[in-house]
Amino acid sequence: MLNYAPPTASIGELAYRRIRADIVFGRLAPAQRLKLDDLRETYGTSISTLREILNRLSSEGLVEAEGQKGFMVAAVSAKNLSEIAALRLLLEGHALAQSFTVGDMEWEGRVVAAHHKLALMEKRMLDNDRADPELWKRYDWEFHHALISACGSQALMETHASVYDRYLRYQMVAVIFRGEAAAQEHQILLDCAMRRDIARATEVLATHINACVEHTLAGGRLQG
């Protein structure tokens, strides 16, 4: 998931994180051509470094390489959203079950703290204060990450984080906020975590993700 670069990060790493964030949060639009000269001015790094960054992002599914034509931001489609959502549910559901099984008091504390911030942010949004969608999604990520943080597999966590960002891009492009329904689902997931109710949590997680997909497709913002 998106995070802040450490103070010792190289110029190339900082540029990578900035470009990646701009793609995920929709500041670089789906299917937008990525002209190296323009990127060099915007992100302050060399053409060769930009090529490395864009190839790296291509391997993550966020950029498409077009051979001799260069690069473009990965396009979006209804089919791709459905595939990413299914993959997120598969990974997160498995990690959630493992986390619920072995989570300790420290894990419970992380889950409760993350939900507190998310619930406050959702309340603000329900009151029509939607000035900071990026902070909202950061808190959403922190809660879902906390739920699975005791799963015991770093590889699973890293794979989930990458898929989550691709899923998040659709939420930002389509400006998705399901309101009270999503907030209630987060509350139920918190309650399930405290009770270690894997079956109910898995059911709610599926509803949470699939309803978001349905909401997006119903809005008619995606084709194909």
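1. Strand 2 (63-65) and strand 3 (71-73) pair in the antiparallel sense over three bridges, where pairing requires that DSSP find at least two bridges between two strands. Strands are DSSP runs of E of at least two residues, and helices are runs of H or I of at least four, numbered from the N terminus. V63 has V73 of strand 3 as its bridge partner.

2. This is a predicted model, in which local features need pLDDT of at least 70 and side-chain atom pairs count only at pLDDT 80 or more, while totals for chains, interfaces and linings use all residues. Residues are numbered from 1 along each chain as its sequence is written, and side-chain values use heavy atoms, with hydrogens and water left out.

3. The open sheet consists of three strands in the order 1-3-2, with antiparallel pairing. Strand 1 (33-34) and strand 2 each have a single partner strand and stand at the edges, so one side of each lacks a neighbour in the sheet.

4. Helix 1 (residues 11-24) has 14 residues and reaches 20 Å from its first C-alpha to its last, close to the 20 Å expected at 1.5 Å a residue; the expected span is 1.5 Å times one less than the number of residues. Of its 14 residues, 10 are buried (under 20% relative accessible area, 1.4 Å probe, protein chains only). Among the buried ones are Y16, I19 and I23. Their cover includes helix 2 (36-43), helix 3 (47-59), strand 2, strand 3 and helix 7 (154-173). Just after helix 1, G26 takes a positive phi of about 80 degrees.

5. The largest nonpolar core has 37 residues, and F100, V111, F143, L147 and Y167 have the most contacts inside it. Such a core is a set of buried Ala, Val, Leu, Ile, Met, Phe, Trp, Tyr and Cys residues joined through side-chain atoms within 4.5 Å. Helix 4 (78-102) gives the most to this core, with seven residues. Apart from it lies another core, of 25 residues, among them I19, F25, L28 and V63.

6. Leaving aside residues up to four places away in sequence, L147 touches S99, F100, W107, V111, L189 and A193 (contact means heavy atoms within 4.5 Å).

7. Helix 4 and helix 7 pack at an angle of about 145 degrees, with their axes 9 Å apart. The axes are lines fitted to C-alpha atoms over the stretch in contact, and angles run from 0 to 180 degrees between N-to-C directions. The contact includes L81, I84 and L91 of helix 4 and V163, Y167 and Y170 of helix 7.

Notes. Buried < 20%, exposed > 50% of the residue type's maximum accessible area, 1.4 Å probe, protein only.
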